[in-house]
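Q: Could you take me through a few features of this structure, giving the general idea before each particular case?

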Amino acid sequence: APLPFSAAAIIFLLMSIQGYPRSRLWRPSSQTRLPLRASGFLERWSRLFRNRPKHELGRMSQMRAGSSLASSENKENGIVYAYCHGFLSDETSKKGIWLKNHLKDTYGVDLKTPNLNGGPTAATVTPETGIEALDKVFQESGARKMRLVGSSLGGYIAALYASRYPSKIDRLTLICPSFDMENRWNKLWGPEVLNKWESDGFREFQGFHGRPNVEVPFSFVEACSSTPPYPEVSCPTCILHGLDDQVVPVETSEKFIEKLSQVLEPRMESLSLAGKVMLQVIQDNHDMTSDEALKLLSKTVAWQWNTNAKVGDSTQSGQVNEKMEIEVERKFEISNPNDCEEKIKKAGGELVTVQSFEDRYWDLSDEWILGSESCWMRERAGIWEIKVPLEEIKGGSAEVYQEITGAGKISEFLQRRWPEKFPENFAEDCRKSPENFSEMLQRAGISVYAKYRTRRAKYKLGDIFADVDNTQYSKDSSFCLLELETIATNRDEIGEGRAKLDRVAFNVLNLCQESATTKGKLTEYIIRFVPEMLSKLLKSPKFSHLKSVLNKERFTNSYQWAQNSQISLRGIKLSDFGSDNRGITSTRDIKKGDTIVELPTDSVIRYDEKEECPREYSDTFREVWDKFPEWYVRLGLKLFWEVEKGKDSPLHGYLSLLPSGIPEWAPFQQSEEEIRKSFGFYPSLAEKIIKQKRKFDTISRQIAQLSVQGSELQQKEVADRLKWAFYQCISRAFQGEFGGQLWEAFVPGLPIFKKLFNKDDMSYVLLPFVDSHNHNSNVTTMLDYNPGSNSFSLQASENFSKDSQVYISYGKYTNDALLQRFSFVEEDNMFDTYHIPCEVLKSALAIDRLPNRLEQDGITIERFGEISNEAEIISSLEEIVGSKGSGEAMLRVIGTLMTKLEDAQAHNESKSEEFSAVVEKFRREKLRILRETYEKLSSRISASVA
């Protein structure tokens, strides 16, 4: 019977008050269906007045304003949303109705829930009926794009629709999608059940959640068998799957991703469709209706649809709310992620989810405009985000980042921050066609520089979240990391938060202190695979912490290598002094003569004069060896050969300690014009540096042409690496007569006899740890070769107290030689000199010709006013100015040079600040010598007059 008028009036009144969606207005269609529709309506609306569910999703409607899914971006882009129900279900699906109400209450989104069955019951469903129903929703909506959430069979139909109509689908969220149905049915039921189904024409299935049983015709099997088991999906996709799913095992979704990994994205070189897919697994079954599953579904949809901005984050204003939630995290390198997970479980950790996703990072290659500003643009499962630093938190190295999400907002930021790099209409085009964002970035020169897939197991340990990440960079390269995270509500709580995380790591999970790191997965990737970007970052003060991290890692690796190589380090350690300055410090009081380093000869790289080319070298290297006899070329080839082996080299621990490049301030790295301009006050050195530059360039280029049959760019890369090897040899090698056979050690007096009558050939050796000592001209180097033990040993040349820097001397070098060979200048160098060439003497004395002695050698002034071969110099000057005018002549010359050096300070404007600083230090040291000499000569002349 029809409802009484009063009941209908009440219903109508409730609809008016609550603003019930017009598309769901109660309309009686027949006398028989009226009571059912009315009772269903009352049931739906009575939920509005009941208590909210106890699970956390019930509180999500209290989220802040401004997070509506119906954002301006979504409205502009014309998005329609739809839910695809599963097998034996319909538009009243439990998950579908929950999600529809939740999205409406929380975000103001109208989620369509079409019936995919193509008829009055679930018996008529096929993939094609689902495709038709979805297309009808799309056509009637007038939208430009559709976003689908699909469960089980509905997940498969959603993926199938996306594969057929990729231009219509924006994003997919799939819940236990029923891929590969035919294979699964064969395994699940076997051929007998399927044959009986075919012979009977139908099979009866029990209805879910109290629904009536359904007789499904065999034509359903035939229809599913005619469609691809794994549709080829190209849009951003998130899959949610229950670990205990017996209907569609989680391996099915994993295989879906594996299939997509073999398909490249259109117009995207080397990027597969699998990069657009994220898999999230939780402890649940095929239903996925637990509180945890629904919570994950809500979070996933919010993240995929760009609605999960964090509290306090404002992508509009760029300001940080003082009540923001600050993520405090600590990272730890781990070797075995499975062991780490077991420790977390034993400590009471509860598994939240297991995720599998690919991260891609984008930047402008060669320039690295984003990374150098600590901006990181990431694409994860097709969802875009860029992190932009806002401020440094006092008392730590953590940064507060503003997270900007979505192609529209990101493109606005990029164009505003780097207007010269992006065309005028870039942001507008990206807002209109966000699905083409990656192509627009490529046209602007932005490309992927890092991509890797991560398996993340997320656990909850009290109020701490623990992410165990197993990241695969390549088939043979991985990185495992534990990230612990807690929340601080203000800056004052950050320190306590970090301390809490450390207690869990070290006391509960028993991690070692050395495992703590500030490196993330991206940082590690850049270190391993993007050396050009790493070099750029290390030059920026923003990444000074990265230098310390790298040095710490290198030190640890080298200590392990030293132990394995029987290298003895006694009372010393490697140290990082900052500003690209490393060296050796003492760990105890060291006495003069104490052996502090002992190296077996198989841990060094050595070249002996007249040595034949090693047999293991290629024919090309043999040709190069014979063509270039210079010691640093041959030793450099040996170093280059070991570097090319990578971790397979037995010397990899030493190689990791070497600088990754030639210092930017190395004089020969500058242009010839820059060298002459910078050393205009001291041209003799400028010409020596230019000669060295030309020789390095010529030899490395010729070797590259001989060894590389590729493009000019490939040859240049090899030439640059060779030049690096030559520089390491020039600046680090020790030379001496390190000859001798084992039997010679037992012949008394033989070494002295050989030195007197049969001089050994010279040897050039790269000595690990010995070459890590810094130079001090006031000490000596006590380095010995012992043929008995076939080893090198270094003794302390003086006493060193604990925690002080331990020095050696590279030799009695002037600052000219130190700068040209080692790229540094020593302050107050007792061996420094000032050379005055004949051209400068002629100019200062205003004469055209000098005596032969001065014409050939000029004048060399030593420290403290001493003049080399002073008697000869005075005698030569007297030939010009007379016996009483030589002193005044020297004063005129030195005064002229002092004026020139003082003026040079104002003109030192090199492009490189570091090079300018080195040149300036060199100028000051030369000026020191001139002033010392001027004062001494002035005093001497005054005394003689008196």
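Q: In which sense do β18 and strand β21 pair, and over how many bridges?
A: The general idea is that the strands of a sheet pair through backbone hydrogen bonds, in either a parallel or an antiparallel way. The model here is a predicted one, and in it β18 pairs with strand β21, residues 595-600, in the antiparallel sense over two bridges. At the level of residues, Ser568 has Glu598 of β21 standing opposite.

Q: What is the order of the strands in the open sheet of four strands, and which are the edge strands?
A: Read across the sheet, the order is β18-β21-β27-β26, and the pairing is antiparallel. The edge strands, each of which pairs on one side only, are β18 (568-569) and β26 (782-786).

Q: At what angle do helix α19 and helix α20 pack, and how far apart are their axes?
A: In general, two packed helices are described by the angle between their axes together with the distance between those axes. Helix α19 (residues 619-627) packs against helix α20 (residues 631-645) at an angle of about 160°, and the axes lie 10 Å apart. Because angles over 145 degrees count as roughly antiparallel, α19 and α20 are described as roughly antiparallel to each other.

Q: Which residues make that contact, and how do they divide by class?
A: From α19 the contact draws on Phe621, Val624, Trp625 and Asp626, and from α20 on Arg634, Leu637, Lys638, Phe640 and Trp641. By class, the contact of α19 with α20 has six nonpolar and three charged residues, and no polar ones.

Q: How many cavities of 30 Å³ or more does a search of the whole structure find, and what lines the largest cavity?
A: The general idea is that rolling a probe the size of a water molecule over the atoms shows where empty space is left. Searching the whole structure gives one cavity of 30 Å³ or more, and the largest cavity holds about 60 Å³ of space. Its lining includes Phe681, Tyr834, Ile836 and Lys900, and by class the lining has eight nonpolar, two polar and one charged residues. At least two lining residues come from each of α23 (683-707), β29 (833-836) and α30 (886-904), with β29 giving the most, namely three residues.

Methods. Residues numbered from 1 in each chain as written. Predicted model: local features only at pLDDT ≥ 70, side-chain atom pairs only at ≥ 80, totals over all residues. Heavy atoms only, no water. Pairing = 2+ DSSP bridges. Axes fitted to C-alpha atoms, helices over the stretch in contact; angles between N-to-C directions. Parallel < 35°, antiparallel > 145°, perpendicular 65-115°, else oblique. Contact = heavy atoms within 4.5 Å. Nonpolar A, V, L, I, M, F, W, Y, C, P; charged D, E, K, R; others polar. 1 Å grid on protein atoms, 1.4 Å probe; cavity = no way out; pocket = protein on both sides within 12 Å on 5 of 7 lines; lining within 4 Å. Points joined across faces, edges and corners; volume = space filled by probe spheres on them.
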